[in-house]
Amino acid sequence: MNKYNIETNCVQAGYNPKSGEPRVMPISQSTTYYYEKGEDVAKLFDLEPGYMYTRLGNPTFDVVQNKIAMLEGGVGALLTSSGQAATTLAILNICHSGDHIVAINALYGGTMNLLGFTFKRMGINTTFVNTDITEEDLRKQIKENTKVIFIETLTNPGLEIPDIEMFVKVAHDNGIIVICDNTFATPILCRPFDYGVDIIVHSTSKYMDGHAVSLGGCIVDSGNANWNTGKYPDLVNPDPSYHGVSYTKEFGKAAFIVKANVQLMRDLGSTPSPMNVFLLNLGLESLHVRIERHCENAYKVAKFLDNHDKVTWVNYPALEGNKYYNMFKKYMPKGTSGVISFGVKGGKNAAMKVMDSLELASIVVHVADARTSILHPASTTHRQLTDEQLREAGILPELLRFSVGIENVEDIISDLEQALEKI
Ligand SMILES: *Cc1c(COP(=O)(O)O)cnc(C)c1O
C-alpha cells in the first residue's frame, strides 16, 4: 500500500479483504477469540502472533493502526481510548520516577496538567520552555535525567508552530528522543517523522474522527529512534514482566510500540472500543478531503476577520504577518487547519455577545470537527480566572476560538458578519 499517495491510503490502507470477504472493514466487537486446541493458545503465550484478548489486540484495531502508521510513515501504531491515554502511555513507556521532560509551554491544556501536576506527583518533572526558544537556551534545559522533549506541531489553542528540526537536533545530540503531538496538523498537513521526530501521539477525537462522534488516541512509532544511548534501559534490558524479553533485540525497529502494547496497555488498559475504532476509520476515509476544505475555509474566514473593523487581532499562522508564518511555510505549507482565534473590540462582554449571536456556528467545548463551532474561553473553560489571571495564562478576555467547519464558507462569513454587527 505504501506505493500509493497519502490520499489513497486514507481511503484504503490497512484493510485488504480476500475474495468473498466483506469489502468494508468489519467491527470485531468481541473481547475474546476462539481456539480449537489448547496448543493453539499455548503458542500465543510463547509470543507467536495472534489474538488472545481485546485489551492486547483486536483485528479492527490492527487495520486502523496500520492505516495511521502508513499515513504518518511509521513502523507501527497503537490505538488508545483517548488522546490523553496516548500521551500518558507514550511517556510512561520511557519515563520513570526521577526522570525529566522538556516541553513547550503552549501544549494542549490536558497535556499541561498531565505533565505539570499528575506526572510531577509521580516523580517525573517537566521544564516548560517557550515554543520559540533559541537552540542555545534549549540546550541549557537538558539535564542528565532528561528523557524526552515534548512538542506539538500546531498547538491547541495558541496555534504556535515550533521549529521541529531544531528541537530534534538538540534532543538527538543529547541521546534523547522527541515526542510530538500531531493532532491539529494531522499527517495531511505535516508529517513530523520527515523532520526527525521519533514518536507521534494523536487525539483522534479531533480531525481524524472529524465528526465529533468517538473519543480516541493513537501512538505512532517512527522506528528510527536510537534506544541504545544508555538512556532507555527498559527497552534494551530483559523485561521480567514479559518473558525476560529485550524489546530492541526481539522487535528491532518496533521496540517502542510493541512495549507500549504488551506491557503498558496490558497493565494500564486504556483500550478503545471496536465500535469507536470503526467510526474513526470512517473519519479517516475522508480526512484528506475534509482537511483541505477546513484550511481553504479557515483562510477565507481569517482574511475576512482581519479586514473587519470590530476585530482587533486575528491569530491564524497561514495569514501573512503571523508570528509563525515562516514555520507554517516550512512545516505545513498546505495550511494550518480550521482553527482560528481572534479578539473583538469591547473585551469580554463583546466577545460573549458575538458568541451568543452566532446562528450557524454552535457553542461547544470541542474543536476540529466538520461543524463550525465557537468558544469564549474567558466566560467558559477559564471563567474562574480574573482578567489579570487570564492575561497571565495567555488567554485574552476578548479571545474567541473559532473552529471553521466544512460548510459553505459564505454562510460561515455571513453568520460572523451579523454577529459582529451586534456589538
Ligand atoms: C484534544 C487534544 C488532546 C486530548 O485528547 P482527548 O482525545 O480529548 O483525550 C491532546 N492533544 C491535543 C492537541 C488535543 O487537541
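Visitor: In this predicted model, are H4 and H11 roughly parallel or roughly perpendicular to each other?

Guide: The model is a predicted one, and in it the axes of helix H4 (residues 83-92) and helix H11 (residues 255-268) come within 10 Å and cross at roughly 110 degrees. Angles of 65 to 115 degrees count as roughly perpendicular. The two helices, H4 and H11, are therefore roughly perpendicular to each other.

Visitor: Which residues in H11 do Leu89, Ala90 and Leu92 in H4 meet, and how many residues of the contact are nonpolar?

Guide: H4 passes H11 in a right-handed crossing, and there Leu89, Ala90 and Leu92 of H4 meet Phe256, Leu264, Met265 and Leu268 of H11. Among the residues of this contact of H4 with H11 there are no polar and no charged ones, and the number of nonpolar residues is seven.

Visitor: Which strands stand at the edges of the open sheet of seven strands?

Guide: The strands of this open sheet follow the order E1-E7-E6-E5-E4-E2-E3, and their pairing is mixed. Each edge strand has a single partner strand, so one side of each is left without a neighbour in the sheet, and these are strand E1 (76-80) and strand E3 (125-129).

Visitor: What is the average twist from one strand to the next, and which strands does H11 touch where it packs on the sheet?

Guide: From one strand to the next, the twist averages 20 degrees. H11 packs on this sheet with a direction that makes about 30 degrees with that of E1, and the strands that H11 touches are E1, E6 and strand E7 (217-221).

Visitor: In E6, which residue is the bridge partner of Cys180?

Guide: Strand E5 (residues 177-181) and strand E6 (residues 199-203) pair in the parallel sense, with three bridges between them. In E6, the bridge partner of Cys180 is Ile200.

Visitor: Why is strand E12 described as largely enclosed by the rest of the structure?

Guide: Leu399, Arg401 and Ser403 point one way from E12, whereas Leu400 and Phe402 point the other way, and all are buried. Strand E12 (residues 399-403) is largely enclosed by the rest of the structure because the number of its five residues that are buried is five.

Visitor: Which residue stands opposite Phe402 in E12?

Guide: E12 runs antiparallel to strand E9 (residues 339-344), to which five bridges join it, and Gly343 has Leu399 of E12 as its bridge partner. Strand E11 (residues 373-375) also pairs with E12 in the antiparallel sense, over three bridges. Opposite Phe402 in E12 stands Ile374.

Definitions and conventions. Residues numbered from 1 in each chain as written. Predicted model: local features only at pLDDT ≥ 70, side-chain atom pairs only at ≥ 80, totals over all residues. Heavy atoms only, no water. Axes fitted to C-alpha atoms, helices over the stretch in contact; angles between N-to-C directions. Helix = DSSP H or I, 4+ residues; strand = E, 2+ residues; numbered from the N terminus. Parallel < 35°, antiparallel > 145°, perpendicular 65-115°, else oblique. Left-handed = near helix turned anticlockwise from the far one by under 90°. Contact = heavy atoms within 4.5 Å. Nonpolar A, V, L, I, M, F, W, Y, C, P; charged D, E, K, R; others polar. Buried < 20%, exposed > 50% of the residue type's maximum accessible area, 1.4 Å probe, protein only. Pairing = 2+ DSSP bridges.
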